[in-house]
Amino acid sequence: MPTYCCSYCLKPIPTASGIMQHVSQTPACQCQWRKVLEEPINVIPVGNESLGTDIDGVHDPDNPEDWQHESDHEESVEDIPSHLSKGHFTKQFIGMTAKILGSGRTIFKSMEAVEAANEQSKWVPFQNEGEWELAHFLMKNVGQTKMDEFLKLNIVWKSGILFDNACSFLKYVDRLHTGPGWSCEMIDVEGNVMAKDRTLRHEQLELWQCNPIKCIQELMGNPAFWDVMSYVPECAYADTDGENHIYDEMWTGNWWWDMQARSPNGAVVVLVILSSDKTTLSQFSGDKKAWLVYLTIGNISKDVRCQVSVHATMLIGYLPVSKLECFQKKSQSLTGHHLFHHAMSLLLHPLVDASHHGREMVCTDGYICQVHPILTAYIADFPEQCLVACNKESQCPHCLVQSNKHGDLKECTSCSMANIKFDTKGLHAELPFTDIFTCLTPNILHQLHKGIFHDHLVQWCISIVGEKEVDACFQAMTQYPALHHFKKGISLVSQWTGTEHKEMQRVFVGLLASAVEDHVLMVACSLLDFIYYAKLQQHMDTTLALEVPEDFNVLKIHSMQHYISLIHALGSADGYNTKYPK
C-alpha cells in the first residue's frame, strides 16, 4: 500500500507532494483543513505521565494472533464505529476476487535471474553504476549532436567508458530491455480509380503494432506499481451511513463494480484505457503525419499513470495514414473511416479472446491471477470520438439528441448507431463487454478549456464588451506573483495552451464584474464553476448534484450533461485528460 495518506479522508496517496494537491482539489478535505487552522493549539507538558509507551490494544505485526488476510473479512460501511462520522470509508466487493492461482516471476525478476545465471552485473550492458548514471543523464537531457561532442572530449574519452560517440552509445542503449516486440502488418487497399493498364489502382499500407496483451502483462507485473495497483473494486463513502458516495479512482466507479459481478469468480478485471491522436510531424518535408495509439490500465492510480516519467502508458500502434489517392475524392473521407476501424480491429484483436476467457498473468506481488482485460475507456478529442462512435460530428457521440436540440438530455444508449455515418462494424464490434458509447471519456482540455471557455464564453463576452475593452481590462490587472499578467491583452495571442486558459479563468469573472450586466456575469460564473468542479480529483454525490442550463443549443455545452454519468461510471474526470497522450 502507499506510504502516505490524507489526514482527513484517509485516502492513500502515492507521494508526499500529492497530499497537498489532493487537499486543494477535494472540497471536503479542504474544509477540514481550514477548520484545523482555526483551532487553537494545545500545548502538552513534557512531564505528562499519560504519554507512556505502554499502550493497550496496539496492533503488533510480529504477533501471529493479529494477522488477518484481507480476503478473510469483507468490510462494509456498517463495520465502521459509530463515533466516526466523516472520512473515507470503503465497502469491499462481496464475492471472490483476485484468486491466487500460484506464484511466479515477473519479467523483471526473470531478467535478474538471467543476469545472475550468467554472472553478469546488474548494470549490464554498462560497466558500472557511474557509467549507467552517465547514460541516464545523456538520454534524458542531451540531444544527439551535443551528445556526440561531449563523448569526443579527451577528458571523457580517457575516463574509460565503453562508447566514444553518439552512435556507439545508442547501440548500448538498444541492448536494454525494450518491452514487447513490434510487428508490421501490410494492408492492401484496392481503390476505385483506374490505372493506365485499365486495372484498379492499389496501395500498400503499413500497420505497426505491439501485442496489447503483452503490454498489459508488463504493466501488471511491473514491481514499480506494486503500491499503486488495485485488483478489486470498492465503494467509497464520505460518511458511515453510506449515503455520500465518493468517486475518485476507477475502482471507485460503478462500472468496475458491475463488471466484477458479471465476471467469473476469482477473476481480476483489468480496465484497459486507450488513447489515440493524429499528429502532424512536419510541415516542411511532405506534410508527414502519424496516428499513434497508446494503452494504459485503470488498475494503476491515476496520479501515477498520468506521469510520463513512470512509463505507465505504452505505445501499442502506428495506424496507417494515407491520402488514399487510389480513390476518387468524394469517397476518400469515407474510405479513411473504414481504414481506421479496420486497422484498430487488427490491433485490438488479441483482446477478444482474452476478455472472454482471461489470461494467467504474474502480478506486481509475484502471485498469478486470472486476468480479464476489457476496453473500458477511450481518450480522444471530439473529432476522433465521433470517428470511434461512427457518428457525424454534428451529433453527440453519447446520446440521440438532435442537432437542433442540444439543450435536451436523453439516455445514452447504443442506439447512437442509428446516426451512423458510414456502413462499418466499428473497432468495438468484436470486443466483449464493451459499450463504446460509454467508453468515450470527458475531455477537459478540448471540451472545457478550449471549447466552453475560450471558443464560446470568451468570444461571447468579447462580442458584448468589445475587443479593445477586454484587452484593456487584462492589461490593467494588478500584477501578483501567483497570477499571470497578460500585459498585451489576449486579442494578439494566436495559439493558446491549456495553461493559459487556466490563468484566464482565474481572473475572468473579476474582469467582467463592472463591464457586463448581471445575467451575463451569472452565466460566466456558472460555466466557470462547472469547469472547476469537473477538474476536482475527488467527487461526491454532493458535488455532482449540479444542473446544466438547457438554454444553449451548443454541442460542447450539451456534452457537459454527460459528465455526471461518466464520473459515476469511471471515476473523476481528471484522469482522462487528452493532454497526457499529447
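Modeller: Start with the buried residues of helix α17, which pack against α15 (444–465), α16 (467–475) and α18 (518–534). Packing here rests on contact, meaning heavy atoms within 4.5 Å. Helices (H or I, at least four residues) are DSSP runs, numbered from the N terminus. This is a predicted model: local features need pLDDT of at least 70, side-chain atom pairs count only at pLDDT 80 or more, and totals for chains, interfaces and linings use all residues. Residues are numbered from 1 along each chain as its sequence is written, and side-chain values use heavy atoms, with hydrogens and water left out.

Biologist: Which residues in α17 are buried?

Modeller: Among them are Gly-498, His-501, Met-504, Phe-508 and Leu-512. Buried means under 20% relative accessible area, exposed over 50%, partly exposed in between (1.4 Å probe, protein chains only).

Biologist: Where does α17 bend?

Modeller: At Arg-506, by about 40°. That is the angle between axes fitted to the seven residues ending there and the seven starting there.

Biologist: New topic. Is Lys-329 buried or exposed?

Modeller: Lys-329 counts as exposed because its relative accessibility is 76%. Lys-329 sits in helix α11 (residues 329–348).

Biologist: How far apart are Lys-329 and Val-193 in space?

Modeller: They are 10.0 Å apart, C-alpha to C-alpha, and 136 residues apart in sequence.

Biologist: And Phe-150, which helix is that in?

Modeller: Phe-150 belongs to α5 (residues 144–151). Phe-150 is partly exposed, because its relative accessibility is 31%.

Note on methods:
Helix = DSSP H or I, 4+ residues; strand = E, 2+ residues; numbered from the N terminus.
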